[in-house]
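This report concerns aromatic contacts, nonpolar cores and model confidence. Please consult the sequence and the three-dimensional view alongside the text.

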Amino acid sequence: MRNFFYPGSVAVFGVSDTPSNMARIIIENLERFGFGGKVYPVGKGKGAVGGSRIIPTIDEADSVPDLAVQLIPAVRIPETLEQCGRKGIRHVILESGGFSELSDSKKTLEEEIRQISAKWDMKVIGPNCFGVINLEARLVLPFFIFDPGYMRTGGISLISQSGGILYDTCMIASCENLGLNKLVSIGNKLLLDENECLEYLISDPGTSVIGLYLEDFSDGRRLIEIASSTDKPIVLLKANRSPTGREIARFHTAALAGDDRVAEAALREAGVHQVESLAQMIDAFKIFSLPLAKGPRLAVITRSGGHGVLSADGVHRHGFELAPLSENFFSAVKEKKINVIRTTNPVDVGDIYDLASYSEIMDRALAEEAADGVLYVVTYSSESDGLKVRNFIGNASEQVARYGKPAALCLACNRDQWPIIRKAVDFPIFGDVDYALRALAESRDHFAFADKKSRAHARLTGSSTKALRARQPRKAAGPSRILGSPEAFSLLEAYGLSVLPSGVAKDLDGARLLAAKMGYPVAMKIESPSILHKSEKNGVVLDITDEAALGHAWTGIGGERCLIQKMASSGTEVIIGGKRDQEFGHVVLFGLGGIFVEILRDAAIRLVPVDPETAMEMVNSIQGAPILKGARGRPRADITALTTALSGVSRLLIDHPEIRNLDINPLIVHEDGKWATAVDVKIEVDR
């Protein structure tokens, strides 16, 4: 990947000296930013662009360029790729559009590009992309005009499937005085995708924060493995998040673990910060330019009672606490105030009219041992106090570095002062208290999650055979079948789950024999792969206590082939599920059964493998966990048996990649020491 970001020389295809030529803009961007390498404009026209003579073919270049950028009609790409291959160029960016994003009929053209790239061992970004920016190397390759006057170099890098999002990020960062490092637009991701780029940026010394804009995951499982390997904050804005709902009527697990919920759970486990908008991503970039919040306790300072109330509400909403500030702090604040008011947090400094005191108050707040960070809402007169506020913000930059704590500053000013404030100080500014607190929560969570993230990485990338098998290629959709109950229960038993005695009866005499053998009471369930929800078809009769009741039940069900099953003893009903997600592979789901799972949708989801420690985390993470632990005088459930069952289902999914969906609903967890029993199971597999 390095040649994409640090090429010694660049060839740009599609250049002419006409003012409207878009490839010409790439040459001019390189010139404006002072790219130090050799540039080869390649095009059919004559003349020169950016001080370099246009050459008709790459064969006329006096050396082999490290990187080629092509902005030409899509139909000509195979021809120019061949030229690059013969010349010895091994890194190419295809900025041209007109491929599968336009029509499926263009996939033939994309396949031709694949073959040529493989023939010459080329690495290719695109097509239909915006190219690469590396401000460290003064490399700016998009075909939109960029100006070094507003592009500041810093530690923020971005991988974007959209060129427009890349451009907007650059523009907003310039307004917010955020420093960028490396940006790459990956477009159709034909050959190189977000995972190769993410691996590179994780290893890149100049990158401290990574942003991702994606419309789909190329390999979600691989993304999670890579993301969990780094301490660098990764901020993801994901589009196309609408649930598919394809299996809602068939499997509870599929309904509860929809595509978006699986993605959220997987990303959370890898420590990826998922945001809902570009504005939230920018706010995350701001907060990650400061030291991390190492705890939940905040000192909140405002100049208005209203801001104090809003701030206190936001502190609670985002999971923070108001830090207990010391008497020494309040004594210092009182010295500056006209009126002595209550010594509380939030701290009201509304009657301190000398804004030069703000820096001292900030310093003392950051010095407080009980405070993990500061939220400071600055209200001031733009006409009279602009210089003092700029000095205060400038001092804050040094203070947060010295104390190793974040300070989120919120302010509003008039339209004349706004650009001056943004340009004059190298410090993030938030326009709203809630935005600032939401960003601080990302900082706090990133610090708190470090240990869990490393454990997740070790689990998801373990070298054992089972862990490796969990990373099998995703299965394409196709015909499937539902396993019969005997086969499904047998699979569960093979992986350590307890099941009830059962058998399939073809007639009433067979049902009588099975019931007599296992002993009453029994349950009768219609046995048909085409009927998944048996109770909705009046296909289940419970608590059959004798032979007469058995005959009545058989008649009621209609004389169909039935499963006769020993009735389970009482306990807490839970659901354990499995699903093969198209982007992340197999996942395990857990939640309380019955009405809890249907109404509350209270469930935990994890990627396989699920070890006993992870299984315990799943149990503890649901809101209904106290029910299992004996709340309100209930008997404590056998949680050890439950975690054993979760781990067993994980092994089952790893060893049987053909499984698409699995529901154990219910699994009855009995009192502590009395194990757990699978009562009903449905398993869908590839045909």
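## Model and confidence

The structure is a predicted model. Its mean pLDDT is 90, and 92% of the residues score at least 70. Residues 244–249 have a pLDDT below 50, and in the model this stretch has seven contacts beyond near neighbours in sequence.

## Nonpolar cores

The largest nonpolar core contains 136 residues, of which Leu141, Tyr376 and Ile393 touch the most other members. A second, separate core has 43 residues, including Phe489, Leu492, Ile654 and Leu667. In soluble globular proteins, nonpolar side chains tend to be buried together.

When neighbours within four places in sequence are set aside, leucine 141 is in contact with Val10, Ile26, Leu30, Leu67, Val69, Ile93, Glu95, Phe130 and Val132. One of these contacts, Phe130, also belongs to an aromatic cluster, described next.

## Aromatic pairs and a cluster

The structure holds twelve aromatic pairs. In one of them, the ring centres of phenylalanine 144 and tyrosine 167 are 5.2 Å apart; the pair is edge-to-face because the planes stand at 65°, and the cut-off for that class is over 60 degrees. The two residues are 23 positions apart and join distant parts of the chain: phenylalanine 144 lies in the loop between strand 9 (139–140) and strand 10 (153–160), whereas tyrosine 167 lies in helix 5 (residues 163–176).

Phenylalanine 144 counts as partly exposed, with a relative accessibility of 36%. Tyrosine 167 is also classed as partly exposed, at 22%; the class applies because buried would require under 20% relative accessible area. Both residues belong to one aromatic cluster, together with Phe130, Phe143 and Phe146.

## Charges over rings

Lysine 286 places its charged end over the ring of phenylalanine 430, 5.0 Å from the ring centre. Over the face of phenylalanine 320 lies arginine 444, at 4.4 Å from the centre of that ring.

## Glutamate 31

Glutamate 31 is part of helix 2 (residues 22–33). Is this glutamate 31 buried or exposed? Glutamate 31 is exposed, since its relative accessible area is 51% and the class begins at over 50%.

Methods
Residues are numbered from 1 along each chain as its sequence is written. This is a predicted model: local features need pLDDT of at least 70, side-chain atom pairs count only at pLDDT 80 or more; totals for chains, interfaces and linings use all residues. Side-chain values use heavy atoms; hydrogens and water are left out. Rings of Phe, Tyr and Trp (its six-membered ring) pair if their centres lie within 6.5 Å; planes under 30 degrees apart count as stacked, over 60 as edge-to-face and the rest as tilted. Helices (H or I, at least four residues) and strands (E, at least two) are DSSP runs, numbered from the N terminus. Buried means under 20% relative accessible area, exposed over 50%, partly exposed in between (1.4 Å probe, protein chains only). A charge sits over a ring if NZ of Lys or CZ of Arg is within 6 Å of the ring centre and within 35 degrees of the ring normal. pLDDT is the predictor's confidence in each residue, from 0 to 100. Contact means heavy atoms within 4.5 Å. A nonpolar core is a set of buried Ala, Val, Leu, Ile, Met, Phe, Trp, Tyr and Cys residues joined through side-chain atoms within 4.5 Å.
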